[in-house]
Amino acid sequence: MRLVHRLLMASPASIGSKSSLSEALALLPPLQLYRRILRVHRKLDPELRILGDSYVKKEFRAHRTAENPLHIIGFLTEWQLYAQKLEGDSWVGEKIDKSKLDKLSDQQVGQLFELMEAIKNPNSEEGEGEKQ
């Protein structure tokens with residue numbers, strides 16, 4: 001995500017379109033966004049907070065070396081929307097948008113399913129068979 005600072009300070013000609021420029025200028029830098037999300041997680045139930053914090057940490061680490069500007073902007077945009085929803089409590093009972101679900105890869109759908117299962121069954125041991 002090294003390119004993010006350059007994207008945030010970019011001109012319309014260097015990014016390519018006005019819509020991507022407005023998105024880039026509205027985005028928080030990765031470290032500020034990461035801290036904001038962890039602060040917002042403080043108001044969650046302890047089990048959900050642990051799950052959410054570990055997931056956020058894993059995702060930000062995995063995308064630390066991303067070089068594609070479109071992936072960086074998409075990543076930061078979605079996490080910023082997530083933080084805004086958590087701050088406003090508008091996420092309770094909300095379903096994922098069908099268009100976003102259609103864009104997910106098979107691996108991402110599997111990851112989303114695992115996250116859903118972890119939320120529904122917080123007491124179940126994840127990966128019991130793998131530890132043996």
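Is Leu 86 buried or exposed, and what is its relative accessible area? Leu 86 turns out to be buried, with a relative accessible area of 4%; here buried means under 20% relative accessible area, exposed means over 50%, and partly exposed covers what lies in between, with a 1.4 Å probe and protein chains only. The model is a predicted one, in which local features need pLDDT of at least 70 and side-chain atom pairs count only at pLDDT 80 or more, while totals for chains, interfaces and linings use all residues. Residues are numbered from 1 along each chain as its sequence is written, and side-chain values use heavy atoms, with hydrogens and water left out.

On to the overall picture. The protein has eight helices and zero strands, where helices (H or I, at least four residues) and strands (E, at least two) are DSSP runs numbered from the N terminus. Of its 132 residues, 27% count as buried. Contact is taken as heavy atoms within 4.5 Å. Among contacts with a separation of 6 or more, 61% come from residues 24 or more positions apart.

Next comes helix packing. Two packed helices are described by the angle between their axes and the distance between the axes. Axes are lines fitted to C-alpha atoms, for helices over the stretch in contact, and angles run from 0 to 180 degrees between N-to-C directions. Helices α4 and α5 pack at an angle of about 170 degrees, their axes 10 Å apart. That makes α4 roughly antiparallel to α5; angles under 35 degrees count as roughly parallel, over 145 as roughly antiparallel, 65 to 115 as roughly perpendicular and the rest as oblique. On the α4 side are Pro 30, Leu 33, Tyr 34, Ile 37 and Leu 38, which meet Asp 53, Val 56, Lys 57 and Phe 60 of α5. Sorted by class, this contact has seven nonpolar, no polar and two charged residues. For these classes, Ala, Val, Leu, Ile, Met, Phe, Trp, Tyr, Cys and Pro count as nonpolar, Asp, Glu, Lys and Arg as charged, and the others, Gly among them, as polar.

With α6, the picture for α4 is as follows. The axes of α4 and α6 come within 10 Å and cross at roughly 30 degrees, which makes α4 roughly parallel to α6. Pro 30, Leu 33, Arg 36, Ile 37 and Val 40 of α4 meet a set of α6 residues that includes Leu 76, Trp 79, Ala 83 and Leu 86. The contact of α4 with α6 has nine nonpolar, two polar and two charged residues.

Leu 86, the residue of the opening question, sits in helix α6. Its C-alpha lies 9.1 Å from that of Lys 43, although Leu 86 and Lys 43 are 43 residues apart in sequence. Ile 73 is also found in helix α6 and counts as buried at 9% relative accessibility. From Ile 73 to Leu 27 the C-alpha separation is 8.0 Å, across 46 residues of sequence.

Then there is the core. A nonpolar core is a set of buried Ala, Val, Leu, Ile, Met, Phe, Trp, Tyr and Cys residues joined through side-chain atoms within 4.5 Å. The largest such core has 14 residues, of which Leu 33, Ile 37, Val 56, Phe 60, Leu 76 and Trp 79 touch the most other members. Helices α4 (30–40), α5 and α6 (69–88) are the elements that give two or more residues to this core, and α6 gives the most, with six residues. Leaving out residues up to four places away in sequence, Val 56 touches Tyr 34, Ile 37, His 41 and Trp 79.

Lastly, α5 also packs against α8. Helix α5 (residues 46–62) and helix α8 (residues 106–120) have axes that come within 11 Å and cross at roughly 160 degrees. That makes α5 roughly antiparallel to α8. Leu 48, Leu 51, Tyr 55, Lys 58 and Glu 59 of α5 make the contact with Gln 111, Leu 115, Ala 118 and Ile 119 of α8, and these residues divide into six nonpolar, one polar and two charged. Ile 119 counts as partly exposed at 43% relative accessibility, and touches Leu 48 and Leu 51 when residues up to four places away in sequence are not counted. Glu 47 in helix α5 is exposed, with a relative accessible area of 53%.
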